[in-house]
Every structure is written in C-alpha cells, then in structure tokens.
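Trainee: Please take me through the labels used for this model, and say what each one rests on.

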Amino acid sequence: MKRAKPAMPRRAAFSSKSAEFWYLRLYVVGETPRSLAAFSNLTKICESHLEGRYNIEVIDIANHTQFANGDQILAIPTLVRRLPHPVRKIIGDLSDTERVLVGLNLRTAG
Amino acid sequence: MRNKRSPPASPATRLAKCPTGINGLDEITGGGLPRGRPTLVCGGAGCGKTLFAAEFIVRGAAQFDEPGVFMSFEETDAELKANVASLGFDLAGLVRRKKILLEHVHIERSEIHETGEYDLEGLFVRLNHAIDSIGAKRVVLDTLEALFAGLPNEAILRAELRRLFRWLKVKGVTAVITAERGLEQLTRHGLEEYVSDCVILLDHRVNDQIATRHLRVVKYRGALHGTNEFPFLIGDDGLTVLPITSLGLNHRVSSQRISTGIPRLDAMLSGKGFFRGSSVLLTGTPGTGKTIIACCFAEAAARRGDRVLFFSFEESPNQIARNMRSIGLRLDPLVDQGLLRFHASRPSLYGLEMHLATMFKEIATFQPDVVVMDPITSLMAAGTDSETKAMVTRLIDYLKGGQITSLFTSLTHGGHSLQQSEIAMSSLMDSWMLLEDFEGNGERNRVLYVIKARGMAHSNQVREFLISNHGIDLVDAYIGPSGVLTGSARAAQTAREKAASLASHQDGARRKRELESKREALERQIGGLRSEYAASADELRQIDRQVGTQTRLLSVERSELERLRHADVSMPERERGKPIEEKKR
C-alpha cells in the first residue's frame with residue numbers, strides 16, 4: 001500500500017491466538033539515529049507481544065508530507081496505531097518500553 | 001527541508017518593513033511589521049489575536065501580493081474561512097488561487113503518549129512544505145501555545161520553539177505568532193523570550209461595563225514606533241487601529257465664513273459667523289438652550305444647501321424635530337430633502353472607539369459639510385475624560401481634514417467650575433461659546449458669551465439670549481453699576497431709563513418755552529425802542545426845518561430893514577441871502 005522506507009523491511013505476520021490484527025505506522029524524517037532507534041525498539045516490542053499479527057509501515061514525511069497532514073504529525077518519531085481502533089499516537093523513540101505498552105494498550109497502566 | 005537561504009542582505013540598510021494593511025497599524029509602526037522576522041501578538045481571550053493574524057495574511061495576499069500560510073492550532077480550516085468571510089475577504093478564492101494555504105494542526109493530548117526522545121521535525125516539515133508549495137512570504141502560527149497543552153515535555157518543546165523561530169528567520173518569512181496573555185509576563189508560556197524583534201500586545205478592558213480594545217507595540221527592535229496604547233476596533237472591514245494624532249496639524253484651512261443661523265450671533269463673530277471647517281464648542285448648564293442653538297446652526301446650514309449630519313446622544317430625531325417646531329424651526333422638510341440627517345444612539349450602547357468608528361462611517365457615507373454633536377459630554381459616560389478627549393481630538397482631526405465644520409455641545413454642571421471642566425476640550429476648539437443662567441429677581445435668564453473665536457475679532461459683550469416661538473433672539477444685556485441685568489430686571493431698568501428720558505425731554509421743552517417767551521419779550525422791547533428812536537429822529541428833522549425857516553425869515557426881515565433904512569453896506573450879505581431866498585421860492 002504505502003511506500004515504506006526500503007532500509008527498514010516491512011514485517012507482517014498473522015496471529016493464530018487473536019483475531020486482532022495490528023496496523024502500525026511509524027513516522028520519521030530521514031535516517032536519523034533517533035528514527036532508527038525507534039524502529040528497532042518498535043520491532044522488538046512487536047515481536048514479543050504481537051508476534052505474527054502486526055504490520056509496520058515506516059513513512060518518511062520529508063518525502064510524503066501529505067501523510068503528516070493526514071495523521072496530524074508534529075513530533076518525530078511518532079508511532080500511530082491505526083488498527084485496532086481507537087487511533088493512538090505514541091511519540092518519542094519508544095525507548096521506554098513500559099510506556100509504549102501502556103500507550104498501545106498492550107498493558108494496562110499501573 | 002532546512003532551507004539554508006542566505007540571511008537578509010546588508011545590515012546597514014534600514015529595517016525592511018512588511019505592511020500589514022491593517023488600518024492605522026502601519027502608521028504606528030512606521031510601515032508595518034519587521035520583514036523576514038517573527039512578530040509576537042499576545043493578548044487575552046477574545047481580544048482579536050486570531051483576527052489580527054488572519055487580516056495580516058489575507059491583506060498580504062490580496063493587497064500586497066504576498067502569499068501566506070496560516071497554520072492554526074485551534075481552529076479548523078472551515079472555521080477559519082467562516083471567520084475571515086466576516087471581514088469581507090474571499091478567503092476561499094484566495095485559497096483556490098494558491099495565495100493562501102490554511103493548515104490546521106490538531107493536537108489531542110489524550111491521544112498522545114510520550115516514550116522517550118523526540119523533536120518537532122514533523123511541524124517543521126509541514127510548515128516548510130506549506131511555505132514552499134505556494135511561495136509564501138508570510139506565516140501565521142495561531143497559537144503555538146496549544147503545543148504546551150498537547151505535548152508534555154516542556155524542555156523539548158522550548159528547545160524546539162527556539163529552533164523554530166530561528167528557522168523562520170532563516171527562511172526569510174514574516175511571521176506572526178499569537179500567544180495567550182500571561183499573568184506576570186506577556187505570554188503564558190514566555191514565548192516573548194524567543195520572539196524578540198517585535199511584540200504587540202492586544203488588550204480588551206472593561207471600564208464601567210463598557211469594553212474597549214487597545215493595542216500597544218511593546219517592542220520593536222530597530223525601529224521607532226508609537227508606544228502609546230491605541231484603541232482599536234473590529235468592524236465589518238477588519239481591525240482599525242485609531243492613532244490619536246494620525247493626521248498631524250496640517251489641515252487645509254478655509255477663510256470662508258458660514259452663518260450661525262442667528263443674525264445677532266453672527267454679528268458678535270465679527271459679522272459673518274464661523275469659519276468653514278472650524279470646530280465650535282458650545283458649553284452650558286442644563287436648559288440653557290444648547291440644542292436650540294445647535295439646531296439653528298444646523299437648520300441655517302441645511303437651508304444654505306450644506307449637508308448636515310446631526311449626532312444626537314440624548315434625544316430621538318423626532319423629539320428634536322418636535323421641540324424645534326415650538327420655536328418655529330422646521331427641520332422635517334430638510335430631512336426629507338436629504339440635507340439634514342440625524343444619527344441618534346445611546347452613549348452607553350457601546351464603547352468610545354465603537355462610537356468613533358460609527359461616526360467615521362456615517363461621515364464617510366453621508367459626506368456632510370457640517371457635523372453637530374449633541375452633546376459630546378454624554379460620551380464621557382462611555383469612557384474616561386482622557387479617553388473622551390483623545391476621541392474628540394481624533395474626531396476633530398478627521399473633520400478638519402475633510403473641511404467639515406463641527407459644532408459640539410457640552411453639558412456643564414452647575415457650580416463654580418463652569419469653565420474649568422471644559423478646559424481639556426476647549427483647547428481643541430476654534431470657537432467657544434458659553435451659555436449661562438443668571439438667577440435673580442425670582443427668575444432665570446439665559447446669557448451668552450463668546451469666550452473665544454480664533455481668527456476673528458469677536459464681541460466681548462454679554463448678550464441675553466431669548467427663546468420665543470419664532471426663534472432665538474439675542475438682546476444686549478443691561479450693564480450698569482450694579483452689574484449685568486437680565487430678564488425683567490433689564491426690562492425694569494429699560495422702563496426706568498425711558499421714564500427718565502421722558503422727564504428730561506419734558507424739562508427741555510419747558511426750558512425751551514421759557515427762553516422763547518423771554519426772547520419774545522426782548523423782541524417786543526426792541527420794537528418799542530425802535531419806534532422811540534424813529535420818533536426822536538422825526539423830531540430832530542422837525543427841529544432842523546424850523547431852524548432853517550427861522551433863519552430865512554430872519555434874513556428876510558433883516559434885508560427888509562436894510563431896505564427900509566437904505567443901507568448900502570454889507571452887500572455880500574445881501575448876495576448871500578439872495579440865493580437862499582430864491583431857493584426857498
């Protein structure tokens with residue numbers, strides 16, 4: 001569907017445990033250390049919690065500004081959980097795994 | 001994305017200005033906002049920040065051919081379009097023609113979770129893209145403070161804002177950044193720390209339940225600017241800042257004179273009335289006839305064919321017309337002819353600046369030659385004294401600039417400071433007339449003075465001012481050793497003088513008669529003497545004749561004797577006697 005950065009391979013897998021399929025989009029600007037860190041942090045979290053039922057799309061808004069407008073992106077990097085609903089946004093390099101899990105609603109806060 | 005355009009050229013040249021097109025603001029700032037730099041516009045809720053910013057963008061695109069980006073953090077594109085449409089600008093059309101780009105940035109705190117390091121590169125990318133896509137010269141960020149609510153990490157945010165403003169400068173766009181007014185500083189989040197070139201403060205104050213907007217240029221690096229607080233208003237055509245002395249003091253002046261409508265008053269003003277285009281102040285205590293004089297002036301002007309605009313702040317037009325009928329002034333026909341126009345509004349209806357704007361608009365549409373304000377003091381209820389004075393100054397400036405003769409009535413309250421209370425305003429006026437009540441003998445009488453009349457030799461006399469059912473008349477007040485007499489006292493004094501003059505008249509006649517008879521007596525005397533003289537002259541002649549006869553007789557007798565005595569001597573005597581004898585014969 002949307003063109004992803006070739007350097008960061010898309011991973012998609014289907015889960016047998018849950019019907020829920022996770023559709024994630026990571027917004028970055030260029031290959032900065034911070035965006036690379038965000039991507040690797042995200043991959044790690046997904047592998048351990050959503051194995052086989054997630055799709056990560058990486059969008060470099062320097063080339064695709066219209067997506068930034070559509071998703072109201074200000075901060076970089078921003079992770080958008082497009083599915084399942086509701087839409088959630090997580091900003092930062094995703095280094096704080098606990099907060100990412102809470103943000104993605106994979107673990108309830110506290 | 002980080003467009004490294006070389007910073008604006010030689011710093012030696014004067015600071016380039018970017019005209020806003022906002023009425024009055026460019027005059028205060030000497031040409032507009034600093035070009036290529038960010039300007040901070042701060043103010044409380046509802047004081048017109050967004051409108052200011054929108055007008056800057058819209059006018060830039062429509063009037064100065066400078067495309068602009070409006071990045072809104074609060075309002076959506078549709079809301080913005082609706083708001084700007086009320087200014088009479090075709091925002092949608094400008095957007096279609098790619099003169100303006102609206103960009104709505106929405107931040108929802110509840111949707112955002114923070115996990116580690118981030119920056120606002122997304123905002124930069126979007127802004128950069130927006131600027132480049134239409135070649136924007138102007139940018140508005142309204143209002144950045146929404147970011148503080150949306151993004152939890154203030155340290156990152158501040159660092160990014162600093163970078164943003166630097167980036168805007170490098171980009172060379174003229175930016176307007178709006179911010180909410182803070183309690184102890186200009187903005188709630190201290191944005192003035194980052195935007196240091198130009199700061200404009202908007203303010204919406206309520207005084208005595210009437211709100212007035214003010215604009216102040218707090219800071220303008222590298223340029224002279226008006227430091228005052230200027231009232232501004234939001235009207236149908238956007239913001240209007242009202243500089244107090246925008247027009248300076250170089251009005252054209254006319255030496256043409258126009259009648260006051262009252263012949264005796266004209267006579268007091270060196271016979272011809274007011275100068276065209278001058279300002280006239282008419283002060284007086286309640287019930288001294290200010291409105292009547294104003295109406296006389298208006299009526300006379302309209303009958304001459306001048307267009308007259310009458311601002312009434314106390315009476316409705318119908319009431320004025322009815323009241324003036326009672327003194328024989330018929331205003332309705334003039335209204336019907338379109339020469340006289342009333343504009344009545346309550347002073348407390350809205351603030352002073354709104355009044356001023358309404359007046360300006362009325363004046364601009366009706367194009368009057370004469371403007372009457374009755375009474376200007378009512379407006380003091382809508383503002384403080386100094387505000388009213390500033391307003392009157394601006395109004396007079398405006399009227400004089402248009403060569404419009406203005407008459408202001410002013411209500412003073414009884415007491416000692418009849419004149420003092422008007423000093424602030426009177427110095428602005430070219431002519432000043434004072435109406436006063438004289439109380440005495442159980443009656444109140446009106447008197448009129450001309451206190452000043454610039455440029456003409458005006459009368460220094462007090463005139464009594466009479467209102468009858470056929471208009472106004474001025475009569476000379478009686479001035480005697482006991483002071484000025486008016487009303488019945490004046491009438492009594494006049495009667496006394498009349499009696500005195502009658503008595504002296506009669507006295508004179510009597511003396512004349514006396515002298516006449518004395519003269520007649522003398523004449524009679526002269527007649528007697530003259531006849532006496534004639535009689536004695538007669539007698540004298542008689543005597544002469546008798547003497548002559550006697551002499552002749554004597555000589556006859558003598559010659560007879562000589563003849564009888566045969567005398568032969570004394571011939572000569574005979575010879576001498578002969579002719580006499582012959583003569584007598």
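Mentor: Start with the rule for strands: two of them pair if DSSP finds at least two bridges between them. Keep in mind throughout that the model is predicted.

Trainee: Which residue in S3(A) is the bridge partner of Tyr23(A)?

Mentor: The partner of Tyr23(A) is Leu83(A). That bridge belongs to the pairing of strand S1 (residues 22-28) of chain A with S3(A), which has five bridges and is antiparallel. The rule asks for at least two bridges and there are five, so S1(A) and S3(A) are called a pair.

Trainee: What is the strand order of the open sheet of five strands?

Mentor: The order is S2(A)-S1(A)-S3(A)-S4(A)-S6(B), and the pairing is mixed.

Trainee: Why are S2 of chain A and S6 of chain B said to stand at the edges?

Mentor: Strand S2 (54-60) of chain A and S6 of chain B each have a single partner strand, so one side of each has no neighbour in the sheet. On average, neighbouring strands of this sheet are turned by 20 degrees against each other, direction ignored.

Trainee: What lies across S1, S2 and S3 of chain A?

Mentor: Helix H1 (residues 33-49) of chain A does, running at about 165 degrees to S1(A).

Trainee: How many residues of each chain take part in the contact between chains A and B?

Mentor: Chain A contributes 29 residues, in contact with 21 of chain B. On the chain A side, at least two residues come from each of helix H2 (65-70), strand S4 (88-91) and helix H3 (97-103). That side of chain A divides into 16 nonpolar, seven polar and six charged residues.

Trainee: Why is Leu151(B) called buried?

Mentor: Leu151(B) has 20 C-beta neighbours inside 10 Å. The cut-off for buried is 20 or more, so Leu151(B) counts as buried. Its place is the loop between helix H6 (146-150) and helix H7 (154-171) of chain B. Beyond neighbours within four places in sequence, Leu151(B) is in contact with Ala75(A) and Leu157(B). Glu114(B) is 37 residues from Leu151(B) in sequence, with 8.3 Å between their C-alpha atoms.

Trainee: Is Gln72(A) buried, partly exposed or exposed, and what is the count behind the label?

Mentor: Gln72(A) has 18 C-beta neighbours inside 10 Å. Buried needs 20 or more and exposed needs 12 or fewer, so Gln72(A) is partly exposed. It sits in the loop between H2 and S3 of chain A.

Trainee: And what makes Gln367(B) buried or exposed?

Mentor: Its count is 10 C-beta neighbours inside 10 Å. Exposed means 12 or fewer, so Gln367(B) is exposed. Gln367(B) lies in the loop between helix H12 (352-366) and strand S18 (370-374) of chain B.

Trainee: What is phi of Gln72(A), and what is phi of Gln367(B)?

Mentor: Phi of Gln72(A) is near 55 degrees, a positive value in a residue other than glycine. Phi of Gln367(B) is likewise positive, near 55 degrees. Most residues other than glycine have a negative phi, and most peptide bonds are trans.

Trainee: Where in chain A is the peptide bond cis?

Mentor: The bond from Ile76(A) to Pro77(A) is cis, with omega near -5 degrees, and Pro77(A) is in the loop between H2 and strand S3 (78-83) of chain A. The bond from Leu83(A) to Pro84(A) is also cis, again with omega near -5 degrees. Pro84(A) lies in the loop between S3 and S4 of chain A.

Trainee: Which residues touch the most other members of the largest nonpolar core?

Mentor: They are Leu26(A), Val139(B), Ala298(B), Val308(B) and Val372(B), in a core of 165 residues. Helix H9 (residues 290-304) of chain B gives the most to this core, 10 residues. Among the residues touched by Ala298(B) are Val308(B) and Val372(B).

Notes
Residues numbered from 1 in each chain as written. Chains lettered and ligands numbered in written order. Predicted model: local features only at pLDDT ≥ 70, side-chain atom pairs only at ≥ 80, totals over all residues. Helix = DSSP H or I, 4+ residues; strand = E, 2+ residues; numbered from the N terminus. Contact = placed C-beta atoms within 7 Å. Core = buried A, V, L, I, M, F, W, Y, C linked by C-beta atoms within 7 Å. Nonpolar A, V, L, I, M, F, W, Y, C, P; charged D, E, K, R; others polar. Axes fitted to C-alpha atoms, helices over the stretch in contact; angles between N-to-C directions.
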